[in-house]
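I opened my notebook to look up a few things in this structure. Here is the model I worked from.

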Amino acid sequence: MHMADALISPAVGGAMWAATAGLTAYSAKKLRIDLDEHKVPLMGVLGAFIFAAQMINFTIPATGSSGHLGGGMILAILLGPYAGFLVMASVLTVQALFFADGGLLALGCNIFNLGFFPCFIAYPLIYKKIAGESPTPGRILLGAMVAAILGLQLGALGVVLETWFSGLSELSFINFLLLMQPIHLAIGIVEGVVTAAVVSFVWKTHPEILARAPSAPGAKAHSHKPLLIGLALFAVVAGGMLSWFASTHPDGLEWAVKGATGKEELEATKEGVHGVMGWMQEKLSFLPDYDFNKPNEEKAGKKEESWPDISAGKSLAGILGAALTLLLAGVIGFALRRYYSHSKG
Amino acid sequence: MAALMGNIESSLLNIGYLETLSYQQTPLHRLDPRVKLLTTLVFIIAVVSFGKYEITGLIPFIIYPVALIAVGNLPPGYLFKKILLAAPFAFFIGIFNPFLDRALMVQLGPVGISGGWVSFASIMIRFTLTVSAALILIAGTGFNAVCLALDKMGTPRSFVIQLLFLYRYIFVLTDEALRLVRARALRSFQGRGMGFKVFSYMIGQLLLRTLDRAHRIHLAMLSRGFDGKIRLLRPLQIHGRDAAFFLGWSALFVLMRWYNIPHLLGNAVAGLIR
């Protein structure tokens with residue numbers, strides 16, 4: 001199960017899409033495969049393999065929930081980080097298009113969570129350091145385990161952050177985090193074992209595949225570039241959106257401030273740097289409260305969610321209007337269908 | 001094991017059926033795939049950009065899937081089932097809302113509805129709208145056409161090729177998997193079930209065999225002149241009707257996003273009654 005569009009705001013979705021698109025272009029540039037290389041069918045097959053593997057759910061004992069393989073680690077180890085990222089992106093795209101597993105807007109988030117963290121962070125920083133060039137089975141297992149666990153923890157953290165920033169779920173950051181991280185720890189262990197098993201198997205039967213998997217080309221300095229790009233983008237996104245955080249329920253800080261001073265937010269001075277920053281923020285936040293046409297709410301102070309001005313009469317009109325709209329939509333749909341099937345003969 | 005076999009076979013059929021739907025010849029299918037892709041994206045962004053408590057404003061957006069299903073001759077029941085299948089993620093996260101957000105928000109006569117239920121309903125409506133848009137995109141366009149659209153709109157060529165090969169090889173792999181599973185079942189007198197060891201051996205065999213077959217298929221493609229360019233029977237050209245489709249629907253989405261149509265309608269009708 002990947003993130004759905006219903007829980008994403010356009011700001012978060014768009015930002016993650018930008019990050020993912022940048023990474024995809026970068027990976028494609030670094031890859032530069034020729035069509036008649038052996039790599040092409042290998043990438044396709046491994047993609048299909050991961051696709052199939054993701055469909056197999058295993059139950060996690062003692063929690064009553066299930067998990068499935070991510071596959072990013074396997075792809076990174078067997079194909080290298082760039083090809084691995086592209087293959088992971090393609091698998092998630094097909095899942096989103098054909099199985100509605102993950103929304104189209106959320107696809108950017110999903111590719112980032114499941115592709116960037118294993119391929120560009122866990123693989124170079126952990127697996128390569130542990131397993132090295134010609135690994136023993138023990139080192140493969142250790143490297144795969146640690147890398148998979150870390151990759152999944154980061155991916156889960158990504159999901160929590162993206163959902164939290166979108167503001168559509170009531171789950172608080174801490175609660176969601178406490179839900180996600182332990183389960184993904186268990187999944188990470190299983191993924192580490194399976195990754196190690198698959199990699200060892202390929203190492204025994206087709207060692208040339210592993211030998212050919214390119215490390216990040218160029219000197220050590222270059223190999224950190226995608227990591228830095230991805231982290232920088234993520235940081236910009238997170239940092240840029242922190243300014244919007246102020247518009248949700250009182251967080252821990254505001255709650256503490258409220259308890260201490262009786263007000264949720266201390267009034268910033270209108271003078272000097274604060275004043276300028278405040279004015280800039282007001283002008284720049286084109287999506288105050290994730291709402292396009294209610295800019296006045298922002299100035300009114302952000303005690304609670306933007307309460308749409310609902311009164312009994314208005315809600316009745318709304319319900320009546322909604323029912324009429326649905327009826328209208330249904331009539332139009334029927335009419336269109338009859339028209340088009342008639343004209344076809 | 002039978003569950004796994006059924007799983008493999010049914011997902012194969014799933015992709016196949018959606019793809020079959022895309023072979024139809026309707027006005028929807030004849031539109032340029034780029035236009036359909038872009039319109040779907042505008043739709044999704046419009047739907048997702050509503051505030052978290054919005055319900056009535058979202059309702060008129062149903063016209064897009066409904067119209068496309070009608071014009072594209074798509075089976076609504078099948079699509080609805082797929083939406084239901086994909087619902088658990090949004091459902092299980094959204095269901096926390098009613099428990100965490102209990103502030104009273106709407107008063108319908110004697111019944112009070114908390115904000116949590118309103119935002120939960122909003123999430124589920126959003127989910128239905130966005131997922132149906134994505135499914136209709138594939139059923140009304142076809143995977144190859146979508147890939148071509150992506151290619152023409154600037155996606156890196158290697159990624160598009162990877163998508164195409166992945167799609168092709170999913171069928172190859174599931175084919176091999178079915179064969180392996182069936183062979184084992186026949187030779188084991190429907191034995192008690194696969195232990196972990198047998199399972200892992202079979203997965204390994206599956207990987208090796210698929211690699212082998214994929215390599216042969218790739219060589220076959222190359223020797224038949226495959227050069228990375230995707231070719232469709234219909235060349236891509238933007239006609240007036242494509243532009244009209246995109247501009248018309250986008251304008252409608254923007255209109256429905258800015259003005260709450262159900263409210264307007266409801267007020268008008270209520271005014272008439274009085």
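What is the phi of Arg32(A), the residue that follows helix 1 of chain A? I found that phi positive, near 50°.

A note on the ground rules: this is a predicted model, where local features need pLDDT of at least 70, side-chain atom pairs count only at pLDDT 80 or more, and totals for chains, interfaces and linings use all residues. Residues are numbered from 1 along each chain as its sequence is written, while chains are lettered from A and ligands numbered from 1 in the order in which they are written.

Chain B overall. I looked up 13 helices and 2 strands there; these are DSSP runs, helices being H or I of at least four residues and strands E of at least two, numbered from the N terminus. The C-alpha box along the principal axes is roughly 75 × 55 × 30 Å.

The two chains together. I see 94 residues of chain B in contact with 77 residues of chain A, contact being C-beta atoms, placed from the backbone, within 7 Å. Helix 10 of chain B (residues 157–187) gives the most to chain B's side, with 15 residues.

Notes:
Two residues are in contact if their C-beta atoms, placed from the backbone, lie within 7 Å.
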